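Please look at the sequence and the structure shown here, and then read on for an account of the surroundings of the ligand.

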Amino acid sequence: MTERRLLPQPWRKLLLALHMVGGVGWMGLDVGLLALVLTGLTTESGNIAVAIYTALGIIVPPSVITLSLLMLLTGLAQGLWTKWGLLQYWWVAVKLVLGLILIALVFFVLIPAVEGLPERAPDMPDGGGAAVRAALGNAPVQLLFPPVVSFLSLAFALVLGIYKPWGKIRGS
Ligand code: HEM
């Protein structure tokens, strides 16, 4: 069996740094998004509600897509070109599955939920926050789950990355 070519140390460290920027950066973004979503769900001010849903529609697509793909692509590259492999150790394999599920949730749940939010938010929010939320349908409540689910999943992946539990996958 041919030996897998491994990344020289300086490149491996650069990849790991980018990997952390992607994963931990996404966690930081989730905290900010959750603060916006919770305020949007509770504010009585129509102007604040419109500002929040407009901001979510603008911030979420570019930032979540960039950080999530950075995390995934650096994770795949590390799996392919470091001693760990992608499906040799449980801690990497579990992170891979988690990462793929999170990316699917981004493209099939989160992005569709924020798409068009700025256009759908009413111009003259004279009915207060409740009227703005009513105009946006399920989106204000739906947007509660992505930041919570991805923050907890990323935190779990972070712990796996540091402790590397469960050893090698049998037969790998
Ligand atoms: C698609 C999913 C992912 C894959 C395939 C993956 C793969 C890998 C691989 C192969 C390494 C070893 C790199 C090396 O030793 O040079 C690694 C390291 C690490 N990963 Fe991931 N990862 C993924 C997602 C994540 C996420 C979401 C986080 C958390 C935010 C994370 C946190 C870490 C940490 C902390 C390390 C450093 C381990 C160390 O050097 O001690 N990973 N990852």
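## The ligand and its iron atom

The shell around the ligand comprises 13 nonpolar, eight polar and three charged residues, where Ala, Val, Leu, Ile, Met, Phe, Trp, Tyr, Cys and Pro count as nonpolar, Asp, Glu, Lys and Arg as charged, and the others, Gly among them, as polar. This is a predicted model, in which local features need pLDDT of at least 70 and side-chain atom pairs count only at pLDDT 80 or more, while totals for chains, interfaces and linings use all residues. Residues are numbered from 1 along each chain as its sequence is written, and side-chain values use heavy atoms, with hydrogens and water left out.

| Side chain | Ligand atom | Distance |
|---|---|---|
| Arg 12 | oxygen | 2.6 Å |
| Gln 78 | nitrogen | 3.2 Å |
| Lys 95 | nitrogen | 2.5 Å |

The iron atom of the ligand has as its protein donors (N, O and S atoms within 2.8 Å of the metal) His 19 through NE2 and Lys 95 through NZ, which lie 1.9 to 2.1 Å from it. Because His 19 belongs to helix α1 and Lys 95 to helix α3, the pair ties together parts that are 76 residues apart in sequence, helices being DSSP runs (H or I) of at least four residues.

Conventions: A polar contact is a pair of N or O atoms within 3.5 Å; within protein, one must be able to donate a hydrogen and the other to accept it, and residues adjacent in sequence count only if both atoms are side-chain atoms. Donors are N, O and S atoms within 2.8 Å of the metal (3.2 Å for Na, K and Ca); water is not among the atoms, so sites may look incomplete. Helices (H or I, at least four residues) and strands (E, at least two) are DSSP runs, numbered from the N terminus.
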